[in-house]
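Q: I'd like to learn how to read the fold of a protein model. Could you walk me through one?

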Amino acid sequence: TIHLPPPISIIYDYFLYKQEYPQRTMYQKGYSINNRKYYRSFANVVNIYKDSDAKAKEFADKYCDSPLTYLVGSGNLEDWATCYGMCIMEEMQWMRTRPISAANFFHGTLEVIERDIPVILIKGEDKTRPEMDRVEKFVNTISANVTVFDTKDFELQGISDEFRGMLAPIVMRSAFQRVSTHLEHNRRHPLAIRRYYRRLDY
């Protein structure tokens, strides 16, 4: 069962990190949740949650206890690969990861890919997509544990094709929310638990 936050205001607050970063709530000024285009945008987010859930669960079921996971992204998803690997998997789940850009993948990382090491490919729709295609072709000849999250797999109602690439970080953030939920469940490790972050002085 997928439990989705019911009111739009809750989803919006989530995107602003309202609880953890209260100062960001200033961006709420002038924002009208009654505007139809925003309702459509949030409907797309909810649909991404639903459409990504099966793959997210499959990944979490198979690889939640893996000793190392590689995450590869390109273009405007390169930072998302880094963010998810470091801030979610490492900080919130204590899983060891190695985020890497597709542009740098063939400068070292290719030599340490092995059959049993999980690789997550995070594919968008911008001009760097061919870089990801090249990485995908290579890792599928070496690793048996490749998971691909591709923005092309998700419908975005009301969004022209020319703008889909720009929205890739929002799409992936929504899809990986389901990965986080299943990792949290499988590892019996709530995302809010930390050992050191905001627990110790440093």
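A: Happy to: we will go from the overall chain to the sheet and then to the helices packed on it. Keep in mind that this is a predicted model.

Q: How many helices and strands are there in the chain?
A: The chain holds seven helices and four strands. Along the sequence they follow the pattern α-α-β-α-β-α-β-α-β-α-α.

Q: How do I read the sheet, and what is its strand order?
A: In general, strands of a sheet pair through backbone hydrogen bonds, either parallel or antiparallel. Here the four strands form an open sheet with the order 2-1-3-4 and parallel pairing. Strand 2 (97-101) and strand 4 (146-150) are the edge strands, each pairing on one side only. On average, neighbouring strands are turned by 20° against each other, direction ignored.

Q: How many bridges join strand 3 to strand 4?
A: Five bridges join strand 3 (residues 119-123) to strand 4, and the two run parallel. As an example, Lys 123 has Asp 150 in strand 4 as its bridge partner.

Q: Which strands does helix 3 touch?
A: Helix 3 (residues 78-90) packs on the sheet and touches strand 1 (69-73), strand 2 and strand 3. Its direction makes about 170° with that of strand 2. Helix 5 (residues 129-142) lies across strand 1, strand 3 and strand 4, at about 155° to strand 3.

Q: What share of the residues in the chain is buried?
A: Buried residues make up 40% of the 202 residues. The chain exposes about 11,800 Å², and carbon and sulfur atoms supply 51% of that. Among contacts between residues at least 6 apart in sequence, 76% join residues at least 24 apart.

Key:
Residues numbered from 1 in each chain as written. Predicted model: local features only at pLDDT ≥ 70, side-chain atom pairs only at ≥ 80, totals over all residues. Heavy atoms only, no water. Pairing = 2+ DSSP bridges. Axes fitted to C-alpha atoms, helices over the stretch in contact; angles between N-to-C directions. Contact = heavy atoms within 4.5 Å. Buried < 20%, exposed > 50% of the residue type's maximum accessible area, 1.4 Å probe, protein only. Areas by Shrake-Rupley, 256 points an atom, 1.4 Å probe, with all protein chains shown as cover.
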